[in-house]
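Welcome, and please open your viewer with the selection panel at hand. We will go from stop to stop, selecting as we go.

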Amino acid sequence: MPPILDVRQYTKRFDMHVLNGKRIHALSNVSFSLEPGELVGLVGTSGSGKSTLMKSIYRTYLATSGAILYQSLRYGPIDLVRATDHQIIALRRDEITYCSQFLSVIPRVPAVDVVAESLFRQGIDRDRGQQQSRDYLDRLGLPQELWDAYPSTFSGGEQQRINVARAIIARPRLLLIDEPTASLDQRTKDVVIDMIVALKAGGTSVLCISHDRYTLDRLADRRIELQDGHVVAASEPVS
Ligand SMILES: Nc1ncnc2c1ncn2[C@@H]1O[C@H](COP(=O)(O)OP(=O)(O)O)[C@@H](O)[C@H]1O
Ligand SMILES: [Mg+2]
C-alpha cells in the first residue's frame, strides 16, 4: 500500500512585506511519509516549523515549492499543494481534520453543537449528533452544566477538550493534531490518548505534534524531528 501522506521536498517561506521584505524560511525541503494507520509524532523546539508543516498539509498555508501527495478515498492520489479549493473543502469535510493548539471559538454556539458540527456537516441528524457529542463530553469529564454553555467562557483545559472532541468525533481518515494533551491533567490526558488509540485502531492515520514525552511514548509509532525547518531525525518504525 502506498503511504497515505507523502511530503516531498516541501518548502515554505514567509515574505514579510512589513519588515522590509524580510524572509522567514519556515520549512526547507521537508520530506517524509505517513503509512496508513500509522501515528507519527512531530517533535522539535519552538519555532522549528511544526505547526507550519501541519497547516501546510491542511492547506491553510500555500506552498513555496514541493508536493504533498495524499491518498484520498474520494479523489485517489491527489497533491494537496495543487488541489483546487473545492477539492480541499471536500477533503476537510470528509477526510482530513486539523486540530489546532487552541480552540477558535464560534460565538454563541453551545459546546454540544461545537463538538457535533462535523457530524451535522456530514448530514447526521441533530439528535444523533448531539447524543454522540454528549457521550464524548462525558468521557472527557466536562461537567454536564457546561454542555449547553458557550465555550468562549471556558478555561484553557476545558476548551482543549472541546477542541479534541470536535476533531475526532467524525473519525477522520487523516488527523493532524497539534499538542492535544498540553494543558490537561493526567486523567484527562489518558482519556484523550485512549480516544486517539481507538481512532487509530479504526484505521485513522495521525500526525501529532507533542512536547509531552508520556503522550508520545503511548501513541507514536515513530517520530520525526524538525530543527530550523529541516527534518533532522526520523526514527524507524517500531515493530
Ligand atoms: N503566518 C506566519 N507568518 C510569518 N511567519 C510565520 C507564520 N507562521 C509561522 N511563522 C514563522 O515560521 C517559523 C516556524 O513557526 P511554527 O511553525 O509556528 O513553529 P513551531 O510550531 O515548531 O513552534 C517561525 O519562525 C515563525 O515565526
Ligand atoms: Mg507550533
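How many residues does the hairpin use to join β4 to β5? Select both strands: the hairpin joins β4 to β5 through three residues. This is a predicted model, where local features need pLDDT of at least 70, side-chain atom pairs count only at pLDDT 80 or more, and totals for chains, interfaces and linings use all residues. Residues are numbered from 1 along each chain as its sequence is written, chains are lettered from A and ligands numbered from 1 in the order in which they are written, and side-chain values use heavy atoms, with hydrogens and water left out.

Stay with β4 (residues 65–72) and β5 (residues 76–79), which run antiparallel with four bridges between them. Strands are DSSP runs of E with at least two residues, numbered from the N terminus, and two of them pair if DSSP finds at least two bridges between them. Now click L69: its bridge partner in β5 is D79, while L69 is itself the partner in β4 of D6.

Next, select ligand 1. Among the 13 residues around it, G47, G49, K50, S51 and T52 come nearest; being near takes a heavy atom within 4 Å. Zoom in on its polar contacts (pairs of N or O atoms within 3.5 Å):

- K50: a side-chain N or O atom lies 2.8 Å from a ligand 1 oxygen.
- G49: a polar backbone atom is 3.0 Å from an oxygen of ligand 1.

Finally, colour α1 (50–57), which gives the most to the shell around ligand 1, three residues.

Key: Polar contact = N/O pair within 3.5 Å; in protein donor to acceptor, adjacent residues only side chain to side chain.
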